[in-house]
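Subject: Structure handover

Hello,

Here is the structure I promised to pass on. Please open it first, then read my notes below.

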Amino acid sequence: MATILFDGVAYGMLLFVLACGLAVTLGLMNFVNLAHGAFAMAGGYVTVILMDHWGVPFIACLPLAFAAAAALGFVLERTLYQHMYGRDHLDQVLFSIGLVFMAVAITDYLLGSSQRNIRLPDWLQGRREILGVNVGIYRSFLIVLCGALAVGLQAGLVRTRFGSRLRAAVDDARVARGLGIPVATVFAATFAMGSGLAGLGGALGVELLGLDPYFPLKFMIYFLIVVTVGGTSGIIGPFVASLLLGIADVAGKYYLSSALGGFVIYVVLIVVLLLRPNGLFARAR
Amino acid sequence: MTGSQTVAAQGLARRARWRVPEIVFWVVAFAALLLPPGKHLLLNEVAILALFALSLDLILGYAGIISLGHAAFFGTGAYAAGLLCKLVTPDPLAGLFVAIAAAALLGLLTSFLVLRGSDLTRLMVTLGVALVLHEAANALPQWTGGADGLQGMVVGPLLGRFEFDLYGRTAYAYSLATLFVLFLLARRIVNAPFGLSLMAIRRNTLRASALGVPVNRRLVAVYTLAAAYAGAAGALLAQTTAYVSLEVLEFQRSADVLLALIIGGAGWLYGGLAGAIVFKILQDTLSSNAPQFWMFWMGLFLVVLALVGRERLSGGMRGLLARVIRR
């Protein structure tokens with residue numbers, strides 16, 4: 001029981017890191033970005049390739065995955081995404097599905113369609129007894145790392161100057177611009193940061209989620225669930241939603257058969273949206 | 001009848017008038033039956049996709065509901081027709097009606113989910129419903145055949161006379177006739193006050209309800225109707241290929257139909273039909289060597305389309321057509 005809870009929390013933390021960029025673009029900036037998973041996939045493949053071909057240690061791959069995905073996000077934001085802000089939701093959906101398809105096709109073409117794996121360093125493998133609970137070391141590592149990131153992000157959003165500029169830009173871009181806030185730069189930096197975090201999540205998730213070219217499509221729904229269930233008020237909502245989703249998914253697949261367990265998250269999604277159409281932590285408007 | 005009502009009725013009648021290009025379109029479509037065998041299988045797929053896109057047009061183009069899970073109804077129809085054929089009766093028309101009923105029922109039940117919330121909530125709910133069904137079909141292999149698909153369907157002859165042959169001529173005739181009948185019905189519906197009220201809802205929901213349009217009831221009705229259409233399309237696919245696989249419920253299918261509709265332009269019924277033709281021809285030529293290429297081009301097309309603006313493409317096509325019609 002405690003082990004399942006623990007695994008669920010680790011899984012949820014990972015989902016949070018993967019999805020928190022989307023929580024900002026979709027939740028705060030109201031941009032329907034279905035292509036978020038593509039950045040996670042980029043981070044995952046950077047890790048796999050660095051480890052397999054250059055023998056880079058896993059820990060060193062993590063910042064590189066972050067940097068690669070962030071750079072990719074920055075370039076795409078400057079060239080493509082920035083034209084799509086404020087457009088029709090249908091246009092945004094079409095645009096980002098198109099990006100997903102291209103990402104899948106290009107990855108498939110360049111790297112092959114097979115599932116890729118990595119070998120974790122020895123010190124992250126195995127399980128250990130902590131306070132009477134049998135926990136995986138890698139999962140503890142995930143919880144510590146992702147938990148620290150979550151705290152850092154929340155502090156960054158609430159306490160720093162950049163955070164307040166971002167919140168101002170999101171609330172009313174025109175007024176923010178009038179006050180001298182460089183809205184375009186703030187958005188670009190935020191987008192790059194979110195993509196980078198997705199890339200980091202992708203790198204961390206290779207072990208748990210697997211990695212193949214269809215990753216962005218397979219996990220798109222998870223990211224979207226985190227944001228819609230969490231609501232659009234900030235990143236605490238998505239954080240709670242990630243944990244809920246992680247625990248529900250792991251517990252569902254454990255207690256019910258693995259086939260039936262797949263339902264649990266969708267049922268949670270539909271029930272939450274029925275009761276609270278704007279998510280658990282809706283912003284009062 | 002008062003004066004303003006007469007004017008409104010005349011306006012509706014003018015909208016509903018048949019124009020020459022429309023008649024030509026359908027004559028050509030039916031004339032394709034006489035082609036030598038070889039292309040009918042592809043034409044059959046075009047007709048099925050056209051019906052599916054027509055169904056999406058009803059909710060997206062007219063009522064403005066963005067759906068990412070329209071395959072839910074397509075798949076429901078396909079499995080309903082397949083199971084009926086296997087377990088009860090091989091008659092295709094019976095299968096078609098049962099599929100329509102099953103999909104409409106599901107549409108009615110899930111329509112209450114899409115009434116609430118924003119575009120994003122709707123996206124999620126439609127996507128979620130389709131995924132739940134996909135999981136369900138996967139988890140019930142004793143019914144659906146799971147990942148292997150529903151095999152062993154022996155579809156009886158159409159109307160007791162016309163066997164489904166290897167070349168797909170009967171299949172095409174069947175799909176096209178179904179498409180035509182349902183198209184006539186859709187055309188009648190959208191040109192009626194009902195259709196106008198849907199467009200009012202899409203443009204401005206608040207104003208529509210202030211004008212006395214019962215918004216929720218209209219949305220439930222059109223969502224159910226569109227689900228029934230999608231179910232019919234699914235049944236046609238199941239019966240003409242005598243096979244149902246999990247693919248009928250996949251996200252890819254919902255995305256394909258969205259793309260087909262967008263190519264032709266949403267909101268004028270022919271958009272789905274035209275888009276289906278273009279989509280299938282492109283798919284047939286581009287994916288013959290490698291499926292990834294097809295996915296890449298489709299993605300590129302979507303990105304460019306979104307950046308350039310849908311309005312320009314569909315507006316251009318419509319403007320061209322309007323000019324032809326006026327002559």
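The crossing of α9(B) and α11(B) is left-handed. (Left-handed means that the near helix is turned anticlockwise from the far one by less than a right angle; clockwise would be right-handed.) This is a predicted model, in which local features need pLDDT of at least 70, side-chain atom pairs count only at pLDDT 80 or more, and totals for chains, interfaces and linings use all residues. Residues are numbered from 1 along each chain as its sequence is written, while chains are lettered from A and ligands numbered from 1 in the order in which they are written.

Helix names come from DSSP runs (H or I, at least four residues), numbered from the N terminus. α9(B) covers residues 193–203 and α11(B) covers residues 215–241. Their axes lie 10 Å apart, at an angle of about 110°. Axes are lines fitted to C-alpha atoms over the stretch in contact, and angles run from 0 to 180 degrees between N-to-C directions. The two helices are therefore roughly perpendicular. (That word covers 65 to 115 degrees; under 35 is roughly parallel, over 145 roughly antiparallel, and the rest oblique.)

Which residues meet there? Ser197(B), Leu198(B) and Ile201(B) of α9(B) face Val215(B), Arg218(B), Leu219(B) and Val222(B) of α11(B). Contact means C-beta atoms, placed from the backbone, within 7 Å. By class, five residues are nonpolar, one is polar and one is charged. (Nonpolar: Ala, Val, Leu, Ile, Met, Phe, Trp, Tyr, Cys and Pro; charged: Asp, Glu, Lys and Arg; polar: the others, Gly among them.)

Next, a pair across the two chains. α9(A), residues 215–230, and α6(B), residues 119–139, have axes that come within 11 Å and cross at roughly 135°. The pair is therefore oblique. This crossing is left-handed. Ile221(A), Leu224(A) and Thr228(A) make the contact from α9(A), and Leu120(B), Thr121(B), Met124(B), Leu127(B) and Leu131(B) make it from α6(B). Six of these residues are nonpolar, two are polar and none is charged.

(Buried means 20 or more other C-beta atoms within 10 Å, exposed 12 or fewer, partly exposed in between.)

Now the whole interface. 36 residues of chain A contact 33 residues of chain B. On the chain A side, α4, α9 and α11 each give two or more residues. α4(A) gives the largest share, 17 residues. That side has 28 nonpolar, six polar and two charged residues.

Back in chain A, 15 of the 19 residues of α2(A) are buried, so this helix is largely enclosed by the rest of the structure. Just after α2(A), Gly55(A) has a positive phi of about 65°.

Two residues of chain B that are not glycine also deserve a look. Ala242(B) has a phi near 55°. It sits in the loop between α11 and α12 of chain B. Is Ala242(B) buried or partly exposed? It counts as partly exposed, because it has 16 C-beta neighbours inside 10 Å. Leu269(B) has a positive phi of about 60°. Its place is the loop between α12 and α13 of chain B. With 23 C-beta neighbours inside 10 Å, Leu269(B) counts as buried.

Best wishes

Conventions. Two residues are in contact if their C-beta atoms, placed from the backbone, lie within 7 Å.
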